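Thanks for coming. I will go through one structure today, and I will keep it short.

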Amino acid sequence: MSKVTYTDLEFIEGLKQSDDVVLRALYKKYYNLVLKYVVNNSGDNQAAADVYQDTIIVLYETVQKPHFQLNCQLQTFIYSVAKRLWLKQLRNKGQLTRLNSEEEDEVVDVSEELTEHLQKEADIKKMNDSLENLGEPCSTLLKDFYVHKLSMEEISEKFGYTNADNAKTQKYKCLQRLKRYFFESN
Amino acid sequence: MNRIKERDMRNAELFDKYLFGELSVEQKIEFETQLKNDISFADAYQKHIKLIQTIHAHEQRSDLKKILSKIHRQEFANETKIIPLKEETFIKKHGRTFAVAASVAVVAVIGTIMVLSAGGYLLKQQSNAITDLKRDVTGLKYSQDAIIEGLKVAARKPHKNYAPANIEGTGFALNNKGYFITSYHMVKNADSVFVTNNTIGRSVAKLVTSNPSLDIAIYKIEDNSALKDLLFPFSFKDNTSDIGDKVFTLGYPRRDIVYGEGALSSSTGFNNDTTMYQISIPVNPGNSGGPLMDEHGNIIGVIRGKQTSAEATGFAIKSNFIKQTIDSLKDETIKDELTLSSKKSKLKGLKRSEQIKKIQPFVFNVMVYKK
């Protein structure tokens, strides 16, 4: 049976390994913490779930860094990131008026992680738009080659090109277009 | 104009080869020298890397988001339902690449001069990270809908150089002409389907027919040469089996075939569904689409799923619905080719291990790729 509790270190190790059991256990453990905060500060369950998932993404990507070290309790980290993300949302909506949570909440400085996250978020958004612009079969073809590591032969078979050389030319054309969309958009 | 295009295309190919570690030592040195000396070349390379990194990041992010929403749905929406036993791969595609990517991006912002001085080192690190990943694409299995506590789905390496599939499960032959059956829920919205096992190697398969309401899909293997001369071991049972009968299954919850046995525990399935049996075999993600056999090796069903709230409770679609699905085919030629054998089992009286030896070539690991 799975373990019922994990230490912070075990959670982090599990996240590093992308262990789905650990990810699930972590997700279950801290959801209520974030839910409570968001709901107490003019959010609903859906908003809480969104903020919480973004928080887990920040954590997940932070621990993948080669020299990552946690300098506070995991709970504090999660709380701090969630809080910052939620406040940012409120601010963007112009709803940031009054907070119910006390200011002396234990919060660590997560600015660096958040800045990085938001930068990456912007890149991913740009890529998403670019891939959408690019359409099919190009976007699947590029992912098959660069992410799923299919060979040119497999791609040629899958997409019905007459031979691998032909597929290669198509891949190149797709890549050029993607490059244009990605680097020329704002 | 054309010559510039040709050069750009050659360069893009070169970048990929460098990133995938496909250049010879001499070519690599030449490449790195050009990076140091040719500003526009280095600039094009930076852009190339940035683009590919972001494609990766995009894919990884969307995978992660899907998994988190799934966990949320499952853990915080209290409902019992059947979990289809397919596996969905969450591929840890990038690992440490990102941190390096960040530094590469920073370098790109600071300017080309930095790239040229510090670039050699950074670029080298970069290429190593990517090469490692290519050789060692750890397929971490995320069970699609399985809320199975304690089911640690282990990381595993894909066969040879096959791309890890989005979903994997099991299928078994209906005859030795290449036709096989699997679960519809696995192949739904599939872009392509491949089957592998030790006998056939790997072959692409084409959809013949499907019946979503019964969760059945029938496919045909393109390269059937390895099977056509083997004795086809299965016979298909028309009538319903009895509660308490010993049953067993073979499947691919892992890359290797796994045997499971138990008993037929009810003649109806989840919510009294009469198209299914309930079985007491501990089935795992990846077992979906596998054969359910009685003691004599007759096919009595197709493994379908398990109940979220109960351990070791599986469900299988009764074998007479396979026949029904075939009978509903319009194409008479295929229908003829698909006549199921209901003759006496060729496995009767054999020891279980002997039965399995004869069955194994006809049970496949089904790999489903989605768009």
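**A strand in chain B, then chain A**

B:A173 stands opposite B:F180 in strand β6 of chain B. This is a predicted model, so please treat every pairing I mention as a feature of that prediction.

B:A173 belongs to strand β5 of chain B, residues 167-173. Its partner β6(B) covers residues 179-183; the two strands run antiparallel, and 3 bridges join them. Together β5(B) and β6(B) form a hairpin with 5 residues between them. In that turn, B:G178 has a positive phi of about 105 degrees.

What else does β5(B) pair with? It also pairs with strand β17 of chain B, residues 363-370, through 6 bridges, and that pairing is antiparallel as well. One position to look at there is B:G169, which stands opposite B:V366.

Next, burial. How many of the 7 residues of β5(B) are buried? The count is 7 of 7. In a regular strand, side chains alternate between the two faces of the sheet. On one side of β5(B) we have B:I167, B:G169, B:G171 and B:A173, and on the other B:E168, B:T170 and B:F172. Both faces are covered, with the residues on each side all buried. Note that B:E168 is among the buried ones.

Now chain A. Chain A has 8 helices and 0 strands, so its element order from the N terminus is simply α-α-α-α-α-α-α-α. Of its 186 residues, 35% count as buried. Taking contacts in chain A between residues at least 6 apart in sequence, 62% join residues at least 24 apart.

That is my last slide.

Technical notes. Residues are numbered from 1 along each chain as its sequence is written. Chains are lettered from A and ligands numbered from 1 in the order in which they are written. This is a predicted model: local features need pLDDT of at least 70, side-chain atom pairs count only at pLDDT 80 or more; totals for chains, interfaces and linings use all residues. Helices (H or I, at least four residues) and strands (E, at least two) are DSSP runs, numbered from the N terminus. A residue is buried if 20 or more other C-beta atoms lie within 10 Å of its own, exposed if 12 or fewer, and partly exposed in between; C-beta atoms are placed from the backbone. Two residues are in contact if their C-beta atoms, placed from the backbone, lie within 7 Å. Two strands pair if DSSP finds at least two bridges between them.
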